[in-house]
Amino acid sequence: MKIAVYPGSFDPVTLGHLDIIVRASKLFDKLIVGVLNNNIKSPLFLVEERVNMLSEVTKGLPNVEVQSFSGLLVDFAKNNNANAVVRGLRAITDFEYELQMAQTNRILSEQVDTIFLTTNIEYSYLSSSTVKEVAMFGGDISKFLPKEVVPKVLEKYNHKK
Ligand code: ADP
């Protein structure tokens with residue numbers, strides 16, 4: 001069975017992430033979306049909230065599972081018997097960091113290879129941070145996010161006001 005992990009902060013999950021999830025789920029028998037429980041960045045959503053949003057938007061994809069993780073990505077992959085890591089590449093600016101990460105992970109574990117999916121052009125500009133910025137200033141975020149996620153982001157910013 002071919003198992004891959006797709007790691008990220010997903011703060012919040014965007015249509016760009018979802019596109020990568022749908023496409024990667026067709027390439028592997030099982031895809032585990034790994035939500036990074038990262039205490040360095042200060043996320044808008046708690047890790048449990050991010051897991052719940054991802055579970056909701058992927059509920060129609062039977063071979064996709066969502067889990068949170070902390071620590072090394074290669075350990076998370078190994079613990080789930082995954083030998084591939086999926087990452088999305090939007091633009092050349094993503095490349096340098098992604099290459100560095102992929103090579104570091106290869107050195108940490110030869111069993112884990114990183115597979116890059118290039119973004120759907122429609123979403124190549126899209127990032128969670130841009131969406132948060134637009135939301136903060138009251139802009140329309142409905143074109144960027146799965147419909148279930150839009151009210152959750154708006155709610156966060158209404159609470160902050
Ligand atoms: P991180 O916190 O690791 O940067 P993100 O949650 O921002 O993670 O993104 C997770 C993964 O999804 C990364 O590989 C990122 O390049 C990819 N990604 C983010 N936005 C898009 C998009 N619009 N199209 C394709 N891939 C994307």
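Colleague: Which residues does Val85 touch, not counting residues up to four places away in sequence?

Modeller: This is a predicted model, and Val85 lies in strand β4, residues 84-89. Contact here requires heavy atoms within 4.5 Å. Leaving out residues up to four places away in sequence, Val85 touches Val5, Pro7, Leu73, Val112, Asp113, Thr114 and Ile115.

Colleague: Is Val85 buried or exposed?

Modeller: Buried means under 20% relative accessible area. The relative accessibility of Val85 is 2%, so Val85 counts as buried.

Colleague: How far apart in space are Val85 and Glu65, C-alpha to C-alpha?

Modeller: In sequence, Val85 and Glu65 are 20 residues apart. In space, their C-alpha to C-alpha distance is 14 Å.

Colleague: Why are the buried residues of helix α2 on the same side of α2?

Modeller: Helix α2 spans residues 47-57, and its buried residues are Val47, Arg50, Val51, Met53, Leu54 and Val57. They lie on the same side of α2 because the arc they cover around the axis is only 165°. An α-helix has 3.6 residues a turn, so residues three or four places apart point the same way.

Colleague: Is the ring pair of Phe69 and Phe76 stacked or edge-to-face?

Modeller: The count of aromatic pairs comes to three. For Phe69 and Phe76, the ring centres are 4.4 Å apart and the planes are at 15°. Planes under 30 degrees apart count as stacked, so the pair of Phe69 and Phe76 is stacked.

Colleague: How is the pair of Tyr125 and Phe144 classed, stacked or edge-to-face?

Modeller: The ring centres of Tyr125 and Phe144 are 6.1 Å apart, with the planes at 65°. The pair links distant parts of the chain, with Tyr125 in the loop between β5 and α5 and Phe144 in the loop between α5 and α6. Tyr125 is partly exposed at 46% relative accessibility, whereas Phe144 is buried at 16%. Because the planes are at 65°, the pair of Tyr125 and Phe144 is edge-to-face.

Colleague: What share of the ligand's accessible area does the protein cover?

Modeller: The ligand is surrounded by 17 residues, the closest being Tyr6, Ser9, Lys41, Gly88 and Tyr123. A polar backbone atom of Phe10 is 2.9 Å from an oxygen atom of the ligand, and a polar backbone atom of Tyr123 is 2.8 Å from a nitrogen atom of the ligand. On its own the ligand has 550 Å² of accessible area, and the share that the protein covers is 90%.

Terms used: Residues numbered from 1 in each chain as written. Predicted model: local features only at pLDDT ≥ 70, side-chain atom pairs only at ≥ 80, totals over all residues. Heavy atoms only, no water. Buried < 20%, exposed > 50% of the residue type's maximum accessible area, 1.4 Å probe, protein only. Helix = DSSP H or I, 4+ residues; strand = E, 2+ residues; numbered from the N terminus. Arc of directions from axis to C-beta. Phe/Tyr/Trp six-rings, centres within 6.5 Å; stacked < 30°, edge-to-face > 60°. Near = heavy atom within 4 Å. Polar contact = N/O pair within 3.5 Å; in protein donor to acceptor, adjacent residues only side chain to side chain. Areas by Shrake-Rupley, 256 points an atom, 1.4 Å probe, with all protein chains shown as cover.
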